[in-house]
Each structure stands twice: as structure tokens, then as C-alpha cells.
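User: Please go through the fold and a few local features of the model shown here.

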Amino acid sequence: MKLGFVSAILPGCTLVDVFSLARSTGYDCVELMCWPVGKATRRYAGVTHIDVQHFTDTDAEHVLEQVEESGITISALGYYPNPLCADMAEAAVYINHIKAMIRAAARLGLHTVNTFVGRTPARTVDQNWSRFREVWVPLVRYAEEQGVRIGIENCPMYFTYDEWPSGKNLAHSPAIWRRMFSDIDSAHFGLNYDPSHMIWQQMDYLRPMREFHHKLFHVHAKDARLDHDRLDEVGILAPPNEFHTPKLPGLGDVDWGRFFSVLTDVGYEGPVCVEVEDRAYEGSLEARVSALRQSAAYLRQFIPRRSQSRAVSS
């Protein structure tokens, strides 16, 4: 395994800065954010460390030169929109950008991109399903043609009333993953697994790793703290931000020793990337870098340092 972080926490940094910070804070790799250039209203969105819409072979050469110089590899490219939103024109923009990200990954010799399946929140899973197939069957086929895998994060994208009543990402439970992978049976379609999203749903975050071990393309290391007193007050029908808080690894309810025990048992050898969404560390760049240092120090007990690779990782 390689220890990395998600570059969304460094919105004001250049790509060179990101690689430099990764090296100085003790990481092996980074998941680089590839949002369209411009402003985004959602937290942790809109960060662009690679502009995939205008990405050329020359751009790829420059990025690979920075990989070589820094010794930091790229775990994946990441972009997390809602390609199943009700507005078809808006969804088309997201779908086309996912395709651009896939092409950029292929140019870089990368094997993985990460994103969301999407969802229209006002519709049930069954009501979303025909649209899911309509969008994702050709997207996965396109990824296959480019030799790139798509890792779907298991975040429900339901935190506030803006995402009410059921979130903006279908892929939040083992039952739905089973259905997804049955309908789209492809070695290029899998998971970017984050245990924190299972915590606030009050689900087992270890068992799915065993059943879906062959679909674990990428892993996010984020923790979450469930406030049971608050949950007793507002109930499970309240927006999840009412009763849970994203935290750095080791500061929430994930048992990371057991988590890595299962990861090693199932033979996972891919990247594990810290995703900093802990508000206690968002006040400044210095605080965010401190969060990266603290997370690396904690997780290194499970992922020992090894010599820096000089090649791009999958």
C-alpha cells in the first residue's frame, strides 16, 4: 500500500506545491483534483490541479516530469459531480468532463479515476436506475477503451437540506453496489472506498471490504464521529450533519487497526489517501498542512514508509 492524500484540501496551491507538500509531510502519492476551472459553491469542490479539458500530450509530459522530480506518484485523478442530476444539460457537462478526465488519465499512464455515480435526490433508487444504466454503461465502456478504471466513492452525498431527501449519489450501500456491478459487469468499474460514510449510516464498514475486495480500486482515509446524544434528539431522518462530524483518521469512530487488518487480509495493495474534511483544521493553509502531517504520523503505524517510487502508480 501507498499513503497519499486528496489534493482538494490545497485549493490555493499549484501542482508543484502539492507534490512538494506531499514529500515534506511524509506521503507517497496524491489523488489530484480535476474540477473544471472556475468557482464552485460546494465545499471541497472546484479545485483544479490538472485542467483535463485542455490536457495535451505536452501537458502530460510536464506532469510526469514533476512526478519524476518529486518522487511523489499520482494515485488517481478525482472529480465528484452529479451526472444523474435532473437537469439533463447540466448532467451532460458533468458526463463530458468525466470523459475528459478519463482521457487525461490515459495520457498520464494512470489506471484509475474517481468520481460519483450521481442521483436525482427526489427519486427512489428504482426510479433512478434506468438513468443510471443510460449514463454509466457507455461511460464504463469508454473507460475500458482508454484502459482506465473508474472508482466510485461510496458517499451518499446527503449531508444538508440542499441534498434532501436521499442524497446525490446512488452508490452508498452494499445492496446497491451488488446491483451496480451485476448490471455493469466490468473489471474497469469499482469502488473508491471510504469507511467514514458507513459510520454515520450506522453500517458495518469491514464486511463490505471482504465481499467487494476485487472492486477496491482506491481507498479514502477519512474518519467520522457519531454524536449519539444529538442523534437521540434529532433522529435518523434529520440531515446527517446534525449528528455526525468528519474527522482526521484516529479522531473518530473508525477502528483503523481493524480496518487495515481487513485490507491486508483481502490483499489490497493500492493507495490509501487521506481526505481532510475536518473543520477544526480548515482555518489556514498552515492548519491544513498540520492536518496532513498529523494524519500521516497516525497512519504510518499501518503503512510503513518505503523507498520513493519513481513511476506513476495505479
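Analyst: Two strands pair if DSSP finds at least two bridges between them. Helices (H or I, at least four residues) and strands (E, at least two) are DSSP runs, numbered from the N terminus. This is a predicted model: local features need pLDDT of at least 70, side-chain atom pairs count only at pLDDT 80 or more, and totals for chains, interfaces and linings use all residues. Residues are numbered from 1 along each chain as its sequence is written, and side-chain values use heavy atoms, with hydrogens and water left out.

User: In what order do the eight strands close into a barrel?

Analyst: The pairing in the barrel is parallel. Its eight strands close in the order 1-2-3-4-5-6-7-10.

User: Does Lys247 count as buried or exposed?

Analyst: Lys247 lies in strand 9 (residues 244-247). Buried means under 20% relative accessible area, exposed over 50%, and partly exposed in between (1.4 Å probe, protein chains only). Because its relative accessibility is 11%, Lys247 counts as buried.

User: Where is Met157 found, and is this residue buried or exposed?

Analyst: Met157 has a positive phi of about 55 degrees although it is not a glycine. Met157 is found in the loop between strand 5 and helix 5. With a relative accessible area of 7%, Met157 is buried.
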